Amino acid sequence: MSAPAYGVLRQVTPTASVLLEHNPSSMTLEGTNSWVLRGPGASGSVVVDPGHEDLEHLTLLAETGAVELIVLTHHHPDHAEGAPWFAERVGAPVRAFDESLCVGGKSLVDGDVLEAGGVRLSVLHTPGHTGDSICLVSDGQILTGDTILGRGTTVLHDLGDYLRSLRELIALPEGTTGLPGHGPELPDLAATAREYLAHREERLDQVRSALETLGADATPRQVVEVVYADVDKALWAPAEWSVRAQLDYLRSEDGE
C-alpha cells in the first residue's frame, strides 16, 4: 500500500475530491476523509466532514476554494469537531441530522435534497453506527461516513437499525461509487453493503453459538473472547461495543 497523501487534495470522481486528515488510528484507519464536492464550473463547493479541530488540516481545507455548505455525516469528533471553527473561517452553514451540530442552518431529515456547489445531494438516514448517521447520494456516488468504511467493518450502536440501513444501501444502482469517511473509495457500494450484511449475519450466528456455550447471560467481553479470539486484542474494545449491540438485538428478538 502506498503512503497516505496527507495534505493533498486528491480528485476521486468528476465532482468529488478528498483531503485526508493526518489522524490515523485503529478506529480512523489512515485518517478522516474530508470530502470536497464541486460541480462543473461551480464557484463554490460542499465540504463533508471537516474532521477534528485540527487547524492545519482545516486551513488546507479552506484553501481548496469557496465553500457554500458544510455537511456532517454524524456527530463523532473525528468527523464533526472542527466544523464550528471551519464554518466561521469559510463563512458557510453547517447542516447535520443532529440539530445540536448545525450552525446557521436547520437539521436534516431523511429524503432532504441539498443543492449547493453545483451538486445535488439526497439525504439518506442510515442509523446503526450512530443514531444520527446519514449518507449522501449524488450522481452515481454516495458518501457513507462511517456507515460503510473503505476497509474493514464499522463499530455499531444499534444492530437492528444497521441491518435495515444496509438493506437500503443494497438497493442502490449497481456501480454506485462509495466515498467513505475512512479508507479508500469503493467501486460498487451496493455490492459492499451485501458483503457487510453477510458478515453481520455470520457474526450473529457466531454470537448465538457462543451463548450456547457461555450461557444466555454472558457478558459482551466474554463473547468477544470467544468470537474475536483470532482478532488483535487491541481491537477488542471496539469489538465489545459491536457485540453489545448484537446481544441487545438477539435478546430483543427473544423478548418479542
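Strands β8 and β9 pair in the antiparallel sense over 4 bridges, where strands are DSSP runs of E with at least two residues, helices are runs of H or I with at least four, and both are numbered from the N terminus. Pairing here takes at least two DSSP bridges between the strands. Within this pair, His125 stands opposite Ile134 in β9. On to the ground rules: this is a predicted model, with local features needing pLDDT of at least 70 and side-chain atom pairs counting only at pLDDT 80 or more, while totals for chains, interfaces and linings use all residues. Residues are numbered from 1 along each chain as its sequence is written, and side-chain values use heavy atoms, with hydrogens and water left out.

β9 also pairs with strand β10 (residues 141–145), again in the antiparallel sense, over 3 bridges. Here Ser138 stands opposite Gln141 in β10. The two strands make a hairpin with 2 residues between them, and Asp139 in the turn has a positive phi of about 50°. As for cover, 4 of the 5 residues of β9 are buried, buried being under 20% relative accessible area, exposed over 50% and partly exposed in between, with a 1.4 Å probe and protein chains only.

The loop between β8 (119–125) and β9 (134–138) holds Thr130. Thr130 counts as buried because its relative accessibility is 4%. Leaving aside residues up to four places away in sequence, Thr130 touches His74, His75, His76 and His157, contact meaning heavy atoms within 4.5 Å.

Elsewhere, 6 strands build an open sheet of mixed pairing, in the order β1-β2-β3-β4-β5-β6. β1 (10–11) and β6 (94–95) stand at the edges with a single partner strand each, so one side of each is left without a neighbour in the sheet. Inside the sheet, β3 (residues 33–37) and β4 (residues 45–48) run antiparallel and are joined by 3 bridges, with Val48 of β4 as the bridge partner of Trp35. Helix α1 (residues 55–62) packs on the sheet, touching β2 (16–20), β3 and β4, and its direction makes about 155° with that of β2. Helix α3 (residues 83–90) packs on the sheet too, touching β4, β5 (67–71) and β6, at about 170° to the direction of β5. Axes are lines fitted to C-alpha atoms, for helices over the stretch in contact, and angles run from 0 to 180 degrees between N-to-C directions.

Two loop residues stand out by backbone angle. Most residues other than glycine have a negative phi. Leu29, in the loop between β2 and β3, has a positive phi of about 60°, and Asp49, in the loop between β4 and α1, has one of about 65°. Leu29 counts as buried at 18% relative accessibility, and Asp49 is buried at 1%.

Finally, helix α4 (residues 159–170). At 1.5 Å a residue its 12 residues should span 16 Å, which agrees with end C-alpha atoms 16 Å apart; the expected span is 1.5 Å times one less than the number of residues. At the start of α4, a side-chain oxygen of Asp158 reaches to within 3.1 Å of the backbone nitrogen of Gly160.

Definitions and conventions: A polar contact is a pair of N or O atoms within 3.5 Å; within protein, one must be able to donate a hydrogen and the other to accept it, and residues adjacent in sequence count only if both atoms are side-chain atoms.
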